[in-house]
Amino acid sequence: MELAVVALVVGVAACLQGAIGFGLGLLAAPVIALFDPSLLPGSLILVAAGLTTLGVLRDRAAVDVKDAGWAVAGQIPGTVAGALLVAALPARTLALVLAGTVLLAVLLSVCGWQPRPRPAAVAAAGAASGLMGTATSIGGPPMALVWHGSSRARMRGTMSAFFLVGTLLSLTALTAVGSIDRRTVVFAAIIFPAMVLGFAASGAVNTRINRRIVRRVGLGASTLGALLVLVQAL
């Protein structure tokens, strides 16, 4: 039953990311942390690699290569720092970091804070995303803040390209510090089909559901999941 719930949430989270450009980690990571914190961040990053590949293939014509390049330039040192945190911190501490990251991201989003997408700001957001994504599997909020003013297709495509590079960097760094093991890979393989189904459903969501509604649902569910993780960890 627990595994079925995780698979359902991963499917919904993949649909959310396919619709607005991010959301897999924000929505699914707190639920996986409740199931087994030691499976994070590796299992979700493995699944994210497949999801971002699908996103790039679908929205490749809308990718802003220049902006994605600035973001990746900042992402590399952030990824290294995130891998070191995973190697140094126990699962319980990472769960607290995860909950705090989600709640902070939701708060910033609700408050409407949005930096201008200048090269320095994009690179700084890339560094924050690399650190957060590698340490907690939630790297979307910094990039969503800095690219919020883009068109839906451009935001989805550029974020998918950025996250594809990021997931590959994160997997390399986590493997180097010994955080990707057999259990992580097997769990990722089990929930992978749910991600594919969720992404497939996002095509219909893109044309039928208002982006603002999807965003509110994602923020509400993410807040609830983070609070549950926080309560359990404490």
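This is a predicted model: local features need pLDDT of at least 70, side-chain atom pairs count only at pLDDT 80 or more; totals for chains, interfaces and linings use all residues.

Trainee: Which helices does the pair of Arg156 and Asp59 link?

Mentor: Arg156 belongs to helix H8 and Asp59 to helix H3, so that the pair links distant parts of the chain, 97 residues apart.

Trainee: Are Asp59, Arg58 and Arg156 buried or exposed?

Mentor: Here one reads the relative accessible area, for which the cut-off for buried is under 20%. Asp59 is buried, because its relative accessible area is 8%, and Arg156 is likewise buried, at 11%, whereas Arg58, at 32% relative accessibility, counts as partly exposed.

Trainee: How many salt bridges does the count come to, and where do Asp64 and Arg154 lie?

Mentor: The count comes to four salt bridges, and one of them joins the side chains of Asp64 and Arg154 at 2.1 Å, N to O. Asp64 lies in the loop between H3 and H4 while Arg154 lies in helix H8, and therefore this pair ties together parts that are 90 residues apart in sequence. Asp64 is buried, with a relative accessible area of 17%, and Arg154 is partly exposed, with 34%.

Trainee: Let us turn to aromatic rings; how many aromatic pairs does a search of the whole structure find?

Mentor: A pair of aromatic rings is described by the distance of the centres and the angle of the planes. A search of the whole structure finds three such aromatic pairs. In one of them, the rings of Phe35 and Phe187 have centres 5.5 Å apart and planes at 20°, so this pair is stacked. Because Phe35 lies in helix H2 and Phe187 in helix H9, the pair ties together parts that are 152 residues apart in sequence. The two residues can also be read by their accessibility: Phe35 is partly exposed, with a relative accessible area of 30%, whereas Phe187 is buried, with 6%.

Trainee: And why does the pair of Trp147 and Phe162 count as edge-to-face?

Mentor: The rings of Trp147 and Phe162 have their centres 6.2 Å apart and their planes at 90°, so the pair is edge-to-face. Trp147 lies in the loop between helix H7 (140–146) and helix H8 (152–176), and Phe162 lies in helix H8, so the parts that this pair ties together are 15 residues apart in sequence. Trp147 counts as buried at 3% relative accessibility, and Phe162 is buried as well, with a relative accessible area of 0%. Ring pairs link Trp147, Phe162 and Phe163 into a cluster.

Trainee: What kind of peptide bond joins Leu40 and Pro41?

Mentor: The bond between Leu40 and Pro41 is a cis peptide bond, with omega about 0°, and Pro41 lies in the loop between H2 and helix H3 (42–59).

Trainee: Within helix H4, are Lys66 and Thr79 buried or exposed?

Mentor: Lys66 lies in helix H4 (residues 65–88) and, at 62% relative accessibility, counts as exposed. Thr79 also lies in helix H4, but Thr79 is buried, with a relative accessible area of 3%. Leaving aside neighbours within four places in sequence, Thr79 is in contact with Gly130, Leu131, Thr134, Leu169, Ser170 and Ala173.

Trainee: Finally, which residues form a nonpolar patch on the surface?

Mentor: Leu3, Val186 and Ile190 form that patch, with about 220 Å² of accessible area together. Val186 is found in helix H9 (residues 182–208) and counts as partly exposed, at 36% relative accessibility.

Conventions: Residues are numbered from 1 along each chain as its sequence is written. Side-chain values use heavy atoms; hydrogens and water are left out. Helices (H or I, at least four residues) and strands (E, at least two) are DSSP runs, numbered from the N terminus. Buried means under 20% relative accessible area, exposed over 50%, partly exposed in between (1.4 Å probe, protein chains only). Contact means heavy atoms within 4.5 Å. Patches are made of residues with over 30% relative accessible area and no salt bridge: like charges are joined within 9 Å, nonpolar side chains (Val, Leu, Ile, Met, Phe, Trp, Tyr) within 5 Å. Accessible areas come from the Shrake-Rupley method with a 1.4 Å probe; for residues, only the protein chains shown count as cover. Rings of Phe, Tyr and Trp (its six-membered ring) pair if their centres lie within 6.5 Å; planes under 30 degrees apart count as stacked, over 60 as edge-to-face and the rest as tilted.
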